[in-house]
Every structure is written in C-alpha cells, then in structure tokens.
Amino acid sequence: MNRRSFLRGGVAAAAATTAAAAGGISAPAIAQSRIEWRMVTSWPKNSPGVGTSAARLAERIEAMSAGRLVIKVFGAGELVPAFGTFDAVQQGAAECYHSPSYYFAGKNPGLTLFTSIPLGMTAWEAHGWWLHAGGEAFQDEMTKPFGIKAIPCTNTGVQAAGWFSKEIKSVEDLKGLKMRTAGLNAEILRRIGVNVITLPPGEIFQAMQSGTVDAAEWIGPWNDLAFGLHRLTKNYYVAGVNEPCAVAELGMSQARWNELPDDLKAIVRSACGAEYEAAFTEYFTRNTEAMEVLKSEHGVQVRAFPDEVQQAMADGARAVALELRDRGDDVTKRAWQSYFTYLQQARAYGSNAEGGYLALRAKFDGIPVG
C-alpha cells in the first residue's frame, strides 16, 4: 500500500469514528492503539505557510506513526478564536495547538522569548538555543503551571516590517498611525506614538481596507501576497527590527503528552524538527518568488525606513527587552539571561562565518548567471 492510499484509509477511519460519536466533538478516541487529537490553530485553515505547515505536521505525525496518532486540524474560528488556542488546550477543549507563544504573553511575558525578540535571534539561532543550549528546559518550566508541553515546529524566518498607507520619512510620520502588529514590536511602536491594534491574521485585510488600521505587519511577501495586502497600498517596508524570526509551536496538553508511549513521543519530536526545517526553507523560497511578483506585476515599492526611524525602533527594542527581564518572574529572568548569552555568542561567531561570507558574496557580486 502506498503512502497516499494509507493516508486515505486513515482519514476514512477517522471519519467513521467521528460519525459514531454521539453529538458534538467527541473526546479523543483510543481504539486499536489509535489515538486521535484535535489541533486548534491561530491561522485561517490552509493559509500559505503557517496554515499549511500545521496541516503538514499532522500528516507527518500520522504517516510516521503508521496511523497510531491522528491529528485533526481546525483553523482559527472553527473551534476556538485565533488567540484562544492556549486556553483551549489548557481547558481540554483540544489536545494541541499550532500558534506562536507570544500570543500568550498575558500568561507569562517570558513566553515571548520562544517566538521572537526584536533585534534577537534568527530562525537557526533560535532553534539552536532551544535544542542545544537549554531553551527547551526553560520553556518547560514556564509552561508547566499551565499543563502545556511545547515543541517548535515552524519558523517564518525574517519578517517584513509592514505595509503603510503612506511613505514613512520620519518618526513624526509614525505618530498617530493605526497599525496592526504583535509581540514586543507592538510595545516598541507604542512608544514611538503608533496606535497599535492587535488583530487575528484573518482580520487584517478587512481592517486595512476599511481604514480601521493605516498599516499592518503580517509575515512576509508570500503571506502578504496571498492575503492581498498589495491591493491596498504599494508602500512595503521589509527590513526592520521587528521580527528576525517567528517560531510557531506544537503546544500539547501535558497530560496527553505524558500518556504517549516513548516511541510516539520520539515521532512527534522528529516530525516537529523536520517540519521546522521544511517550513523555514519553504518560506525563504516562496518569499523570494512572491517578492518578484509583488514588484514586477503589482508595482509594489519595496522601501527601507530612514536611519532616524530605524534608530528609534532599535532604541525601543533594547528598552522593551530589558523591561521583559526586569519585570519577569524568576524563570523568565533565567531564560532571558540564557537567551541573550547565546545570542551574544551567536553574533560573535556569525559575524565571521555567515555574516563574513555574505559580505564577501555581496562585495564580489557572487557567481554570474547565464
């Protein structure tokens, strides 16, 4: 039996189990060694990148486990709101979620460390810290009180700074602007004078179209093209301090995770690692393609903020990072120190390794094509 046939069989079996349940969404079923979980996400179902990555992760786990662990994926709003995924898992309405942890900073501000920090780690640095330098242990300690076990499984890479209804020529141009963003970037912009509005991804286009917001930061060219933001303005700012990466995680009920046998736990970990790499490299590839489409077919003006604006944002990034440390609980302080120690070491090495190479490639214009 090939993989596609096998997956069809798994889907059919899942449908039969659901049909047999009495009303509503049944509790997770365990029959013939098969475990069924519900995954709630913060994304419109099958939205490019984050949405398709969540679906692909579920498919990986089902295939790698030979159908022993089946995960049904629900997009934002299907079972719970986009920002309600953590609560849904904590309260037992779902077994797992696919979301970034900075959406849950109200639970503990330190959770922001596991998604993105302005002027912080890149995708591979963040994963290196989590896998090899203590990040997982800190996140476990931070989420344990909520009954959650989280594993990073998606990364968007460097995100764009956003779409603006007008060209930004100075810090004054930002003051009074209504902008959709998230994470610590929201606090940075508030300090500059921006009126920040945090909206779920599925509401961004309508909010900008109606004038509820004047600017919006989502992810990058691939998602922004798919969401149609280029139809509303042509001013696209790409380089910014806001999000050098953005991790989405598989957050699981600690109780459900503990019930898994060791081999299924290993499969979930392996599937998350494989999907992290697949999502990050796909984002890089699709962003390069989408950027060309935005510029050549839709007349988008790719801009960079003036130095004055970048400096104000960088100053804000440093201030909010230090405040995150100072106002955090004990585990946040220790996780913060670990994160920034690792970042300092990564910067020192990376400036000579990847950074040094990229500078050389730019200097010598690479290898000619054609």
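This is a predicted model: local features need pLDDT of at least 70, side-chain atom pairs count only at pLDDT 80 or more; totals for chains, interfaces and linings use all residues.
**Entry 1: helices α4 and α10**

I began with helix α4, residues 123-132, and helix α10, residues 262-298, whose axes come within 11 Å and cross at roughly 165 degrees. Angles over 145 degrees count as roughly antiparallel, and I therefore noted α4 and α10 as roughly antiparallel to each other. I also recorded that the crossing of these two helices is left-handed. Looking at the residues that meet, I found Ala123, Trp124, Ala126, His127 and Trp130 on the α4 side, and Arg269, Tyr276, Glu277 and Phe280 on the α10 side. Sorted by class, this contact of α4 with α10 is made up of six nonpolar residues, one polar residue and two charged residues.

**Entry 2: strand β2 and its partner**

Next I turned to strand β2, residues 34-41, where eight of the eight residues are buried, so the strand is largely enclosed by the rest of the structure. I followed the side chains along β2 and saw that Arg34, Glu36, Arg38 and Val40 point one way, while Ile35, Trp37, Met39 and Thr41 point the other way, with all of them buried. Strand β3, residues 69-74, runs parallel to β2 and is joined to it by six bridges; within this pairing, Val40 stands opposite Phe74 of β3.

**Entry 3: strand β5 and its partner**

I then looked up strand β5, residues 148-155, which is mostly covered, since eight of its eight residues are buried. Its pairing with strand β11, residues 247-253, is antiparallel and extends over seven bridges, and I noted Val247 in β11 as the bridge partner of Asn155.

**Entry 4: the six-stranded sheet**

Which strands form the open sheet, and in what order? I read the order as β8-β7-β9-β6-β10-β12, six strands with mixed pairing. The edge strands are β8 (195-197) and β12 (301-303), each of which pairs on one side only.

**Entry 5: Ser170 in a loop**

Last, I located Ser170 in the loop between β6 (162-164) and β7 (178-180).

Definitions and conventions
Residues are numbered from 1 along each chain as its sequence is written. Side-chain values use heavy atoms; hydrogens and water are left out. Axes are lines fitted to C-alpha atoms, for helices over the stretch in contact, and angles run from 0 to 180 degrees between N-to-C directions. Helices (H or I, at least four residues) and strands (E, at least two) are DSSP runs, numbered from the N terminus. Angles under 35 degrees count as roughly parallel, over 145 as roughly antiparallel, 65 to 115 as roughly perpendicular and the rest as oblique. A crossing is left-handed if the near helix is turned anticlockwise from the far one by less than a right angle, and right-handed if clockwise. Contact means heavy atoms within 4.5 Å. Ala, Val, Leu, Ile, Met, Phe, Trp, Tyr, Cys and Pro count as nonpolar, Asp, Glu, Lys and Arg as charged, and the others, Gly among them, as polar. Buried means under 20% relative accessible area, exposed over 50%, partly exposed in between (1.4 Å probe, protein chains only). Two strands pair if DSSP finds at least two bridges between them.
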